[in-house]
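Subject: Structure handover and notes

Dear colleague,

Please find below the structure we spoke about, together with its sequence. My notes on it follow directly after.

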Amino acid sequence: MNAYIKFFLTIFLTFQMHAATGIETIEILGGRASQIPIAITPFDEQVQFKQLQAQKINQILANDLIRSGLFDVLNTDGVASIPRAVDEVNYSNWSAIQAQFLILGQVLPGTGNDTLEVKWSLVDIFKQKTVMTRILKGNSSQYRAIAHKISDLVYEELTGTKGVFHTKIAFVKKKTQDSYALYVSDYDGFNQKAIVKSQKPIISPRWSPDGKKIAYVSFEKQKPVIYIQDLVSGKRILFANFKGNNSAPAWSPDSQKLAIVLTYSSNSQIYLINHDGSDIKQLMRTYAINTEPTWAPNGEEIYFVSDRGGSGQIYKININTNETKRVTFEGNNNLSPSISADGKLLLFISQKDRKYRVALQNLLNNQYLTLTDGPHDESPLFSPNGHMVLFTYKDFGKTSKIGTVSINGLTKTPINVGSETIMESTWGPITD
Amino acid sequence: MKKSLLLASLLAALFAGCSTTEVEPMGLNAPFPELESDTAEGSGADLSGSEADSGLGLDSEELAKLKASEVLSERSIYFDFDSFAIKAEYENVISAHASFITETNAKVVLYGNASYEGSHEYNLSLGQKRAVAVRDALISLGVSDANIETVSFGEEYANQECTGSACGQDRRTDISYEGE
């Protein structure tokens with residue numbers, strides 16, 4: 001299986017090579033030719049559902065793999081016979097459409113009431129052999145979850161990296177000027193559910209790395225304060241309500257600490273505080289703004305935004321030694337840092353020519369590249385595997401929406417969760 | 001099969017302990033707090049965590065004076081894009097408020113705001129910096145720190161569809177008197 005890791009690395013290195021030339025047009029990065037060509041057949045579905053499924057399993061798989069930017073999902077309309085099982089695969093049919101891999105399967109009734117079994121296979125067309133065959137069982141309400149699980153297994157098999165198709169996201173919906181809600185949904189926007197509603201703005205939701213809680217900033221006390229809400233019990237605590245503003249919560253990688261931003265009666269400053277609210281201490285003190293903290297995966301460095309140099313730029317500080325370094329130099333303002341799980345890539349919003357775009361910087365060699373075109377992109381966050389970016393985008397005069405962009409820049413996909421203003425999102429962790 | 005057990009545990013893990021409803025069997029089913037009742041605590045800023053009240057509220061005479069004065073009815077100080085410098089045109093307004101606060105021992109809350117461009121959190125900091133700029137100006141004119149609270153609304157109440165100079169309306173600090 002790990003032969004394909006090399007393939008993914010090739011894509012990534014190509015993308016970084018182009019970054020070095022400073023070319024910002026994303027179409028050429030890696031190139032579509034470097035995506036894995038895969039055919040996904042309609043599954044042989046033998047189960048009657050009470051409710052119509054909005055998408056069939058093959059469509060869910062296709063959407064997942066396309067969204068990642070690493071797959072070229074082929075049109076199978078012209079292929080004469082659709083195999084239900086591995087022994088029905090006609091390899092030359094699939095070679096003819098240049099498929100390197102094929103996913104096929106059946107949805108069968110399970111043994112219990114309202115249950116189903118999905119038997120599926122991943123086939124290597126080049127090598128003419130079955131890579132894996134699995135049966136996933138569940139009740140019919142788990143139809144989409146099972147499909148996402150198949151996507152995860154295929155993704156890990158072919159890229160060597162865990163998939164994030166089973167993960168959750170959270171986002172804020174602004175329905176009217178005095179109606180806000182924080183929602184949790186599947187990563188693709190399905191199964192959305194409000195977990196808190198308020199008449200006042202909610203911003204900066206951050207999912208704890210252990211998956212159990214979401215911290216967020218609410219204006220319900222006529223000023224920004226931080227709540228932490230337990231996702232199992234639904235109970236929440238008023239976590240930070242110090243004098244002045246309380247905002248920008250950021251969980252440490254072990255979920256034991258948070259970096260938060262307080263003002264008292266001065267400019268925004270970063271503080272560290274235990275998850276139970278104890279042992280608060282100021283990280284550093286300058287007259288300038290220090291905000292938007294985010295932890296490096298090593299738990300020892302915090303990246304943050306400061307205007308100490310005259311404009312908003314990203315810096316990092318070692319929380320043990322207090323050694324501080326400026327990290328970003330391109331663009332007028334660089335905001336909202338997020339670090340990939342391997343610690344190698346910095347993701348942020350970069351402002352040039354009054355346009356705000358999602359940008360990436362390789363922390364090893366400081367190569368810089370923009371992933372989106374703006375004009376008003378915001379709140380970029382890595383998927384837990386670092387291969388996709390969740391962000392907010394807004395065209396002039398339009399309401400803001402959320403979507404994903406693959407880090408090779410090849411695929412930008414909206415997440416459709418409603419016609420309202422959608423903003424300020426966070427991505428939950430991989431839970432298996 | 002082993003994998004199906006894995007799936008089952010995967011699905012159960014995040015939502016363990018949730019009550020089930022038929023509507024969203026995969027969703028988070030915990031009851032969520034409705035906050036509408038929490039928002040009716042009062043219109044002023046929440047000052048919990050701040051030092052004890054040092055000033056009294058304004059008496060009726062003082063309130064009348066505040067209302068009658070033309071210059072004191074000017075409550076908004078506007079700033080340029082990405083700027084915190086107080087423009088010369090607002091010196092009179094700020095000095096009138098400084099005198100009134102000093103005379104009456106009034107307490108004020110300075111609400112900073114920012115236009116929508118850029119991140120919500122950075123704009124919260126920019127709004128705060130604008131509130132702090134007005135606070136510093138008041139203090140330089142003799143107002144006690146204890147009479148001033150600063151709060152930022154960032155871009156949260158800004159016009160989200162403005163372009164060009166129209167966005168300038170959102171780059172401001174509003175002066176609000178407690179007990180008014």
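Gly160(A), which comes after helix 4 of chain A, has a positive phi, near 80°. In this model, which is a predicted one, helix 4 of chain A itself covers residues 143-159, and its 17 residues reach 24 Å from the first C-alpha to the last, close to the 24 Å expected at 1.5 Å a residue. Because 15 of those 17 residues are buried, helix 4 of chain A is largely enclosed by the rest of the structure.

Helix 2 of chain A (residues 57-68) can be read in a similar way. Its end C-alpha atoms are 17 Å apart, which agrees with the 16 Å that its twelve residues should span at 1.5 Å a residue. Nine of the twelve residues are buried, so helix 2 of chain A is also largely enclosed by the rest of the structure; among the buried ones are Ile57(A), Ile60(A), Leu61(A) and Leu65(A), but also Asn58(A), Asp64(A) and Arg67(A). Just after helix 2 of chain A, Gly69(A) takes a positive phi of about 80°.

As for the domains, the assignment of chain A gives domain 1 as 35-159 and domain 2 as 168-427, and their C-alpha centres lie 35 Å apart. The contact between them takes six residues from domain 1 of chain A and eleven residues from domain 2 of chain A. On the side of domain 1 of chain A that touches domain 2 of chain A, helix 2 of chain A gives the most, with four residues, and the residues of that side divide into one nonpolar, three polar and two charged.

Turning to the interior, nonpolar side chains tend to be buried together in soluble globular proteins. Here the largest nonpolar core has 78 residues, and those with the most contacts inside it are Ala170(A), Leu182(A), Ala215(A), Ile226(A), Ile260(A) and Val389(A). Apart from it lies another core, of 38 residues, which includes Leu70(A), Val73(A), Trp94(A) and Ile146(A). Leaving aside neighbours within four places in sequence, Ile226(A) is in contact with, among others, Ala215(A), Phe239(A), Pro249(A) and Ile260(A).

Ile349(A) lies in strand 23 (residues 345-352) of chain A, and it counts as buried because 32 other C-beta atoms lie within 10 Å, where 20 or more are required. Beyond its neighbours within four places in sequence, the contacts of Ile349(A) include Leu335(A), Tyr356(A), Val358(A) and Pro380(A), as well as Ser119(B) from chain B. Glu323(A), 26 residues away along the chain, has its C-alpha atom separated from that of Ile349(A) by 24 Å.

Pro209(A), in the loop between strand 10 (202-207) and strand 11 (213-218) of chain A, is partly exposed, with 19 other C-beta atoms within 10 Å. Not counting residues up to four places away in sequence, Pro209(A) touches Trp251(A), Pro253(A), Ser255(A) and Pro429(A), while Asn332(A), 123 residues apart from Pro209(A) in sequence, is 32 Å apart from it in space, C-alpha to C-alpha.

Finally, the secondary structure of chain B comes to four helices and four strands, which follow the pattern α-α-β-α-β-α-β-β along the sequence. Of the 180 residues of chain B, 36% count as buried, and among its contacts between residues at least 6 apart in sequence, 74% join residues at least 24 apart.

With best wishes

Note on methods:
Residues are numbered from 1 along each chain as its sequence is written. Chains are lettered from A and ligands numbered from 1 in the order in which they are written. This is a predicted model: local features need pLDDT of at least 70, side-chain atom pairs count only at pLDDT 80 or more; totals for chains, interfaces and linings use all residues. Helices (H or I, at least four residues) and strands (E, at least two) are DSSP runs, numbered from the N terminus. Two residues are in contact if their C-beta atoms, placed from the backbone, lie within 7 Å. The expected span of a helix is 1.5 Å times one less than its number of residues. A nonpolar core is a set of buried Ala, Val, Leu, Ile, Met, Phe, Trp, Tyr and Cys residues joined through C-beta atoms within 7 Å. Domain bounds come from an automatic or database domain assignment. Ala, Val, Leu, Ile, Met, Phe, Trp, Tyr, Cys and Pro count as nonpolar, Asp, Glu, Lys and Arg as charged, and the others, Gly among them, as polar.
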